[in-house]
Amino acid sequence: MSRSLKALFLAAEAEPFVKIGGLGDVAGSLPPALRRVSIDVRLVLPLHGVIKKQGLPLHFVCEFSLPYKKKEIIVKVFSLEWAGLTVYFIDGTPISPTAPVYSSDPLADSLKYAFFSLAALRLARELDWQPDILHANDWHTALAVYALKQLRATDPFFASTASVLGIHNLPYLGNGSSALLKAFGLSPGRHALLPKWTQTLPLPLGILAADRIVAVSPSYAREILTPEYGSGLDEFLRARADSISGILNGLDLERWDPLNDSCLEKNYSSETLADRKANREHLQAEVGLPIHADAAIMGMVNRMDYQKGMDLLPEALTGLSLLKQKPAFDWQMVILGAGDAEIEARARQLESEFPTRVRVVTRFDVRLSRMIYGGADVIIIPSRYEPCGLTQMIAMRYGCVPLGRSTGGLRDTIFDYDQTRESTGFLFEEATPQSLLGGMIRALKTHRDKQSWRELQLRGMAQDFSWDRSADQYKKLYADVMREFSKNPEGA
Ligand code: NHF
């Protein structure tokens with residue numbers, strides 16, 4: 001029998017230990033799913049202050065030091081067993097117990113994550129556990145991939161470890177890291193197409209060195225090769241196009257299940273979809289909207305930042321209210337999200353512009369977000385770019401029909417109403433209020449046809465967004481990378 005493939009998985013955050021954004025969902029779900037398909041995966045996380053405070057039953061594993069400038073930084077490693085795998089936590093002075101996972105100080109963050117990346121790589125050696133695959137994610141851990149490539153030339157321990165770099169959000173390159181390479185004994189990266197200003201930044205260096213690069217959706221994998229989405233790296237990325245592919249993230253189907261969600265007024269499944277009505281009314285009452293049975297409730301659950309396209313909404317809603325449609329559309333909107341103060345303020349203004357129709361809640365509120373998925377008819381996701389996106393998958397599982405911009409993972413997971421009988425939602429093309437308005441009109445017209453709407457809901461609820469599906473694809477990718485790597489260990 002062949003032995004299990006060994007993968008060392010590095011991430012800045014992972015649920016349930018710490019979650020700030022979508023990366024935390026992925027790093028908390030993918031490693032256990034890989035374990036279920038017989039990959040011997042071990043997860044490595046920084047011992048952030050918020051994790052320390054939880055009083056987890058951690059075991060001391062080892063202590064070693066990393067050369068930094070002319071000194072050494074002590075690394076302490078702890079572990080626990082979780083979901084059938086070992087999770088390691090790296091501690092050391094750059095990982096301050098009082099700092100947030102991502103701070104507003106780029107220098108402190110880059111030092112923290114460079115230290116973490118290099119310590120995590122060294123850990124494999126300290127454990128005498130030779131990974132077949134090093135799987136790093138985003139800029140925070142990309143330097144491990146780069147350091148691995150340099151090490152492979154000199155250290156037989158790592159000679160047969162291939163690397164995979166996951167891209168969850170390309171624009172974050174790891175600014176602030178310029179001086180760190182030298183301090184940690186690494187040389188700058190060189191490539192004719194790598195812009196000079198990026199030659200010391202973790203993500204570009206990781207992209208330069210990785211044996212395979214995986215974006216979190218096939219469409220995003222193609223989009224990052226274009227000037228519009230390439231963050232200045234598109235030409236360089238095109239040179240590496242043969243090594244770039246996309247695998248869609250999954251959804252934790254147990255955490256997101258309308259039949260088992262304690263935040264809902266009434267639990268339901270595709271068999272009892274009519275019970276959803278109680279959740280619509282409950283949502284309307286909760287936010288103080290008139291209880292109209294026929295109103296199409298549009299929801300939005302999003303971080304309020306430029307990426308998420310919240311700023312497209314005011315003009316689109318104005319357009320909607322000025323339509324001379326007969327009979328007029330009966331719509332309501334519940335917006336939930338926090339983030340950029342200006343975008344929040346503009347969103348709040350909508351309440352006074354549409355007092356009987358719009359409610360805006362600018363805070364982080366898990367319960368209300370679940371009530372929106374379980375009670376709204378449409379979820380609006382007007383992202384300018386969306387590497388994968390979770391909102392649309394959750395919404396579909398809850399029978400809430402997504403209206404999303406045709407980009408990245410939204411494009412790969414929402415099948416547009418006009419184009420296919422297999423449709424699960426609505427897509428609009430341009431990141432403009434007019435294009436969003438066009439999508440809203442299509443959704444609201446369809447909503448009037450109760451039978452078609454129900455079919456849309458049911459098709460969305462029947463989609464397979466399981467992590468097991470993604471894990472199978474990663475397993476195959478790992479095997480491919482290893483095969484290619486063993487033929488050509490010099491790699492890219
Ligand atoms: O789902 C996890 C997440 C993605 O689209 C999301 C994003 C950040 O922007 O892969 O990463």
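I'll start with one residue in this predicted model. Asp480 comes out buried, at 16% relative accessibility. The cut-off for buried is under 20%, so Asp480 falls on the buried side. Its salt-bridge partner is Arg483, with the closest N and O atoms 3.3 Å apart. Arg483 is partly exposed, and its relative accessible area is 46%. Both residues belong to helix 17, residues 467-487, where they are 3 residues apart, about one turn of the helix.

Now the other salt bridges. How many salt bridges does a search of the whole structure find? The search gives 26. One of them joins the side chains of Arg255 and Glu15, at 2.8 Å from N to O. Arg255 sits in the loop between strand 9 (244-246) and helix 9 (276-287), while Glu15 sits in the loop between strand 1 (6-10) and helix 1 (22-36), so this contact ties together parts that are 240 residues apart in sequence. Both ends are partly exposed: Arg255 has a relative accessible area of 31%, and Glu15 has 23%. Arg255 and Glu15 also belong to a network of salt bridges, together with Lys19 and Asp25.

Another bridge runs between Glu353 and Arg346, with 3.1 Å between the closest N and O atoms. Glu353 is partly exposed at 36% relative accessibility, and Arg346 is partly exposed with a relative accessible area of 29%.

Next, cavities. The structure has 1 cavity of 30 Å³ or more. The largest cavity holds about 60 Å³ of space. Which residues line the largest cavity? The lining consists of Glu15, Asp25, Ser29, Gly250, Leu251, Asp252, Arg255, Trp256, Leu390 and Trp467. By class, that lining has 4 nonpolar, 2 polar and 4 charged residues. Glu15, Asp25 and Arg255 from the salt-bridge network are among the lining residues. Trp256, also in the lining, has Arg370 lying over its face, at 4.0 Å from the ring centre.

A pair of aromatic rings is described by the distance of the centres and the angle of the planes. The structure holds 15 aromatic pairs. One of these is Tyr102 with Tyr113, which is tilted, at 6.3 Å centre to centre and 35° between the planes. Tyr102 is in the loop between strand 5 (85-91) and helix 3 (106-127), and Tyr113 is in helix 3, so the pair ties together parts that are 11 residues apart in sequence. Tyr102 is partly exposed, at a relative accessible area of 27%, whereas Tyr113 is buried, at 0%.

Phe426 and Trp453 make a stacked pair, with 6.2 Å from centre to centre and 20° between the planes. Phe426 lies in strand 15 (residues 426-428) and Trp453 in helix 16 (residues 450-461), so here the parts tied together are 27 residues apart in sequence. Are Phe426 and Trp453 buried or exposed? Both Phe426 and Trp453 are buried. There is also one aromatic cluster formed by Phe17, Trp82 and Phe89.

How values were computed:
Residues are numbered from 1 along each chain as its sequence is written. This is a predicted model: local features need pLDDT of at least 70, side-chain atom pairs count only at pLDDT 80 or more; totals for chains, interfaces and linings use all residues. Side-chain values use heavy atoms; hydrogens and water are left out. A salt bridge is a side-chain nitrogen of Lys or Arg within 4 Å of a carboxyl oxygen of Asp or Glu. Helices (H or I, at least four residues) and strands (E, at least two) are DSSP runs, numbered from the N terminus. Buried means under 20% relative accessible area, exposed over 50%, partly exposed in between (1.4 Å probe, protein chains only). On a 1 Å grid over the protein atoms alone, a cavity is a set of points where a 1.4 Å probe fits but cannot get out, and a pocket is an open set with protein on both sides within 12 Å along at least five of seven lines; lining residues have an atom within 4 Å of a point. Grid points are joined across faces, edges and corners, and a volume is the space filled by probe spheres set on the points. Ala, Val, Leu, Ile, Met, Phe, Trp, Tyr, Cys and Pro count as nonpolar, Asp, Glu, Lys and Arg as charged, and the others, Gly among them, as polar. Rings of Phe, Tyr and Trp (its six-membered ring) pair if their centres lie within 6.5 Å; planes under 30 degrees apart count as stacked, over 60 as edge-to-face and the rest as tilted. A charge sits over a ring if NZ of Lys or CZ of Arg is within 6 Å of the ring centre and within 35 degrees of the ring normal.
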